[in-house]
Amino acid sequence: MEKRILLIANGQVSRAEALACSGYRHACHVMLYSDTKSLLFGRTPIKHIILMQMRFDGLLGFPGGFVNQSNESLEAGLCRELQEELGVALSISEDDHVDARLAPVTSPSPSRLITHFYVKKLTEEQIREVEQASLSTASDHGQEVLGMVRVPLYTTKTGGGLSSFLSHAFIGNARTQLLDSLLRLHLLSPEDLHKALKHSLKTHAHTAVDLQAALALTAAKRDQSLITVTQAHTHVQSQ
Ligand code: AMP
Ligand code: MN
């Protein structure tokens, strides 16, 4: 009993515990990945291809979505979502389930959310097929999904690559799911990840400065257009 309370306090639950929770909705997402021998610019090993997506809300996330608990299992729901978002039938099983956790409550809603995360290794050829189908046959392309993206795992001479990727905005705990998977599957060493994250924070600070400058610029333009509208209004009244 104590263990269960501890686990729930941490947000993490087992697949079975998650299914035993009533009054919760479930969402399932998957990380599809493969090894690759290809090189960037003919010299930098790409090593692994990890698929993520640019979502309709402008955030990066993994493919997947809500499960209809009344008529499908978690895995069947995930496969249906993958068919819609990627345009392919993939078989994801209970064995591919790696994590379930209670999503932090952000809005007062009648049902709370448990997010499930799966990981599935494919061949490089299968990854290419998924990418092609996501553009040609997926019904969600251009709507819920704006495009599939590969995660750069390397670091360029100027410190770009993974660090820049990690400084983007992610849905829910997708960034943590990515980082946990990189370590668990030994796709990247903790040392390299640590370095990338340190650089990522610097990129993040630079982004904030950039946004401040853009904000100041649009504020000036907005104020200018307000003055023009007011002047036109005054001109009309004085006639
Ligand atoms: P979706 O239909 O893909 O937007 O996912 C259903 C719900 O899961 C949404 O409320 C998202 O906020 C949440 N969600 C989406 N992706 C993730 C993720 N990678 N980790 C945690 N929650 C997510
Ligand atoms: Mn989705």
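**Entry 1: aromatic pairs.** I counted two aromatic pairs in this predicted model. One of them joins Phe 165 and Phe 170, with 5.8 Å centre to centre. I looked up the angle between their planes and found 75°. That angle makes the pair edge-to-face, because planes over 60 degrees apart are classed that way. Next I asked myself: are Phe 165 and Phe 170 buried or exposed? Phe 165 turned out to be buried, and Phe 170 is buried too.

**Entry 2: a charge and a ring.** I then looked at Arg 25. Its charged end sits over the ring of Phe 66, and I noted 4.0 Å to the ring centre.

**Entry 3: strand β5.** I moved on to strand β5, which covers residues 48-55. Why is β5 largely enclosed by the rest of the structure? Seven of its eight residues are buried, so the rest of the structure largely encloses this strand.

**Entry 4: partners of β5.** Which strands pair with β5? I wrote down β2, β10 and β6.

- β2 (residues 24-35) pairs with β5 through four bridges in the antiparallel sense. Here I found Tyr 33 opposite Ile 50 of β5.
- β10 (residues 145-150) runs antiparallel to β5, with five bridges between them. Leu 51 faces Arg 150 of β10 across this pairing.
- β6 (residues 60-61) is also antiparallel to β5 and is joined to it by two bridges. Gln 53 has Gly 61 in β6 as its bridge partner.

**Entry 5: the turn.** My last stop was the hairpin of β5 and β6, where four residues lie between the strands. In this hairpin I noted that Gly 58 has a positive phi near 85°.

Definitions and conventions:
Residues numbered from 1 in each chain as written. Chains lettered and ligands numbered in written order. Predicted model: local features only at pLDDT ≥ 70, side-chain atom pairs only at ≥ 80, totals over all residues. Heavy atoms only, no water. Buried < 20%, exposed > 50% of the residue type's maximum accessible area, 1.4 Å probe, protein only. Pairing = 2+ DSSP bridges. Phe/Tyr/Trp six-rings, centres within 6.5 Å; stacked < 30°, edge-to-face > 60°. Lys NZ or Arg CZ within 6 Å of the ring centre and 35° of its normal.
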